[in-house]
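Thanks for coming, everyone. I have one structure to walk through this morning. Please keep the view open while I talk.

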Amino acid sequence: MLTFTPLSGAAKSSRTSPLAYLLQVDDIKILLDCGSPDWCPEPSSPTQDGNGVTTESTFPGNNIATNLESGIAPSIDLVLLSHGDLAHSGLYPYAYSRWDLKAPAYSTLPVQAMARIAATEEAEGIRDEDDVGNSEEQATPETGDGESLQGSPDEESHLEEGSYPKTRSSKGKYVATPQEVHDSFDGVGTLRYSQPAHLSGRCQGLTITPFNSGHTLGGTIWKIRSPSVGTIVYAVNLNHMRERHLDGTLLISGAGGTVSESLARPDLLITDAERANVIGSRRKDRDAALIDTITTTLSSRSSLLLPCDASTRVLELLVLLDQHWSFARLKFPICLLSRTGREMLTFVRSMMEWLGGTVSKEDVGEEASGKRSNKRRREDDADEEAIGAHLEFFPNPQVLLQTYSSKDPKLILAVPASFSHGPSRLLFADFAAVPDNVILLTARGEEGTFGRMLFERWNNSQRAEDKWDKGNSAVLNSKVPLTGVELEIFLQRQRLAREKAALAQATLVRNQQLLEADEGADSSDSDSDAEDEEDVERALGLDTEITRADGADWGRGIDTDDNGRQMLSFDIYLKGNVSRATSFFKKSAGKENQRFRMFPYVEKKRRVDEYGEVIDVAMWVRRGKIMEEEAEDEEAKERKRQEEEAKVPEEVPSKYVSTVVEVQLACRLLFVDLEGLNDGRATKTIIPKVAPRKLIIVHGGPAATESLLESCANIRTMTKDIYAPAEGESVQIGHNTNSYSISLSDEMLASVRMSRFEDNEVGFVTGRITTSASSNVPVLEPIHQASLSISRPSPALPREIGARPTQRLPHSTMIGELKLTALKARLAAVGVQAELIGEGVLVCRAGAGDVETVAVRKSARGQVELEGTDCDVYYKVRKEIYGLHALVSA
């Protein structure tokens, strides 16, 4: 039985992102995608309360987080990631690190890398502006005007009550640390397109295969095969159109728009309806509008701001801009504001085999339009010209303004695309106040974000009565150093924490010394000589050997503890090393007799056992350590230590502040659709061609879902088993099946005839089940005719004289689906001419003038009819038809 439950991104939902679905196949739980929402929605968003504070119960990611945190995450057996953006993979690092989502995860290599880059960009950007802490429950001190101080929640403060205000909980934002992001994606298994993976362990019997979906680099359609429920195809966010850096989806290909044989007619298709009611324009027109806007704005000495994502759809923009810059020979700078931009581009240049479109077939540069003879140069140079040849990288807006003035014309690509945090939001306030600047949106944005508000404002501005002179407020989060009283409070807390740590360390050292003294007092008499010898040698500096001329080994150092005190565990006082002490001999009356013992000497005794003299392993270990330490150069060690300290500068005490600024939208606001997704016409055309037996619709708004449902209902050949579950609603498909294990005997295995069908071998057997005392698995043995007649005698029935008893003939089964085009190709190979006449009819003959013909008809229900006279062509055609099927004979 199959159970499907949307954890987030359900159908008929006002909020379609993120995507996360729980698919249960029998007892195997599969998590399809694990996306994260935008963690910084706008104050006017319904996910925030009246004070502009995100509440836990209404936070956009609370439902998926609650489900995974409540116990679903540890019980999941398999995780499949389809795209490398935050909407599909953003929450996986946090669930892996905090919620014990340790199930095997699979994706393509680009999806793994792009998801890591996108999650790292988000983690560093949000943590640089907001105190999300290292745990869900972390709370930070807050000042009176909503500012929070940075500090560890585990530090115990000895300040007086009321020294600093109450605390603000950061619960609700499930943002992993950058280290957790890298650790989580390191364990994701990678597959290539069309590479089947046969799973083991809890997922024994399942086979997963990734196929190209378009839209993003490495985007995946997952095909899941199960012996009990059949074939499941998970295909969301598809794009059948060929782009500049990607080919279209493999789901539908070819000039006639045929469905790939590997993905046709699945038992269950899970797809999205996000753009089912969107009618898109031609790609040529969209690209022309984008290029014209950029060229016109830069030529008028103004600047453009394009918000973009950190890893996936930004590649299409970069390829398009590089092509235009090379063709038009523009000198204006293209600035990418991203912390991970350089890392992303380095990876893409190393994975050119995953790219499609024009990038993998020609060098995007001067040679593309003119000198074709030198088009194929060194691979490294070609890759660098293909993507990012005119790009400059900046980690934050401050570095950008230091390089280029605000009045210089430039094209700025800033992350994230939602304007919720990071460089794009910090740059927006000053950029929007300049009248001639242009903010160019390339995506609609997630519901509740500032980017979606700008898109809706542009969409509404298509009417003439809309006004653009009204201002808008935005909240800017930042991290600033502490000053004044706040700095004194923070330093006092740090000082108290250090004192407490020093006190704990001193206590630990004192307890350790007491334990060592007790152990020395409780030592056995048999080892007393050896311990005295070692203690004396340690006191005299005999730990590190120096070979004298006579062969004796003497030490060069004296053991000291962390406080510089000499550690002596024997009762001999040495002059010059410790203070004078009272002798244990009898003292004179009225006079203290102070004296020193003479040079101590302990007779070395050979310790032997049943194998001979005992080897002192510690001596050789100490000698090896000395040789290693002497091999290292002290100057090199000091230089290395200084370099490491310089690489990791000490972070200054800082706080997180939120500032409300009034933004005057004096700039122009434009929108060009570059999301790279199927529109409504393509979606409503592809799904009927796939012809699934059952269909589940997810990831769509109410209007889009109803539009797709209505379109499918109007198609006569479309399945009627269509489901659109709401968030948290479970859909059960099929019935519970019981599986049993049985063993075939050697005689049975030798007699059965197997036929190959796809990846399996099928055969028909008739036998008798027997049990054995030595095994719990029953054995299937063949039934012999003699034993069958003896064990089950047939009743004597009256019959006519000379008539034979009726016998049931064996029935054969043919498995597979006949394609007339494939049959025509096979007949041509054996010398039979075939011609398609009409719909579903193939006429076959031996030659052009042969009058003996054979007709092959295929009905709508899949039945195959073979008509013709008794001739050689008939038997040849029948033989080829049998060859295209798996024949299971009884």
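I will go through some strands, a cavity, a helix and a loop residue.

First, the ground rules. This is a predicted model: local features need pLDDT of at least 70, side-chain atom pairs count only at pLDDT 80 or more, and totals for chains, interfaces and linings use all residues. Residues are numbered from 1 along each chain as its sequence is written, and side-chain values use heavy atoms, with hydrogens and water left out.

Start at strand β17, residues 304–307. Strands here are DSSP runs of E, at least two residues long, and helices are runs of H or I, at least four, numbered from the N terminus. Both faces of β17 are covered. L304 and L306 sit on one side, L305 and P307 on the other, and all are buried. Buried means under 20% relative accessible area, exposed means over 50%, and partly exposed lies in between, with a 1.4 Å probe and protein chains only.

Now the partners of β17. Two strands pair if DSSP finds at least two bridges between them. β17 runs parallel to β20, residues 411–414, with 4 bridges. There, L305 stands opposite I412. β17 also runs parallel to β21, residues 438–441, with 2 bridges. On that side the bridge partner of L305 is I439.

Carry on from β21. It is joined to β28 by 4 bridges, again parallel. L440 stands opposite L670 in β28. In a regular strand the side chains alternate between the two faces of the sheet. How do the side chains of β28, residues 668–671, alternate? L669 and F671 point to one face and are buried.

Next, the open sheet. It has 3 strands, in the order β32-β36-β35, with mixed pairing. β32 (743–744) and β35 (767–772) stand at the edges, each with a single partner strand, so one side of each has no neighbour in the sheet. β35 pairs with β36, residues 775–782, in the antiparallel sense over 5 bridges. T770 stands opposite V779 in β36.

On to the cavities. The structure holds 7 of 30 Å³ or more. A cavity is a set of points on a 1 Å grid over the protein atoms alone, where a 1.4 Å probe fits but cannot get out; lining residues have an atom within 4 Å of a point. Which element gives the largest share of that lining? Helix α17 does, with 4 residues. β16 (268–272) and α17 (680–690) each supply at least two.

Now helix α7, residues 314–328. Its 15 residues reach 21 Å from first C-alpha to last, close to the 21 Å expected at 1.5 Å a residue. The expected span is 1.5 Å times one less than the number of residues. α7 is mostly covered, with 13 of its 15 residues buried. Just after α7, R329 takes a positive phi of about 55°.

Last stop, S260. It lies in the loop between β15 (258–259) and β16. S260 is buried, with a relative accessible area of 14%. Leaving aside neighbours within four places in sequence, S260 is in contact (heavy atoms within 4.5 Å) with L250 and L251.

That is the tour. Over to you for questions.

Note on methods: On a 1 Å grid over the protein atoms alone, a cavity is a set of points where a 1.4 Å probe fits but cannot get out, and a pocket is an open set with protein on both sides within 12 Å along at least five of seven lines; lining residues have an atom within 4 Å of a point. Grid points are joined across faces, edges and corners, and a volume is the space filled by probe spheres set on the points.
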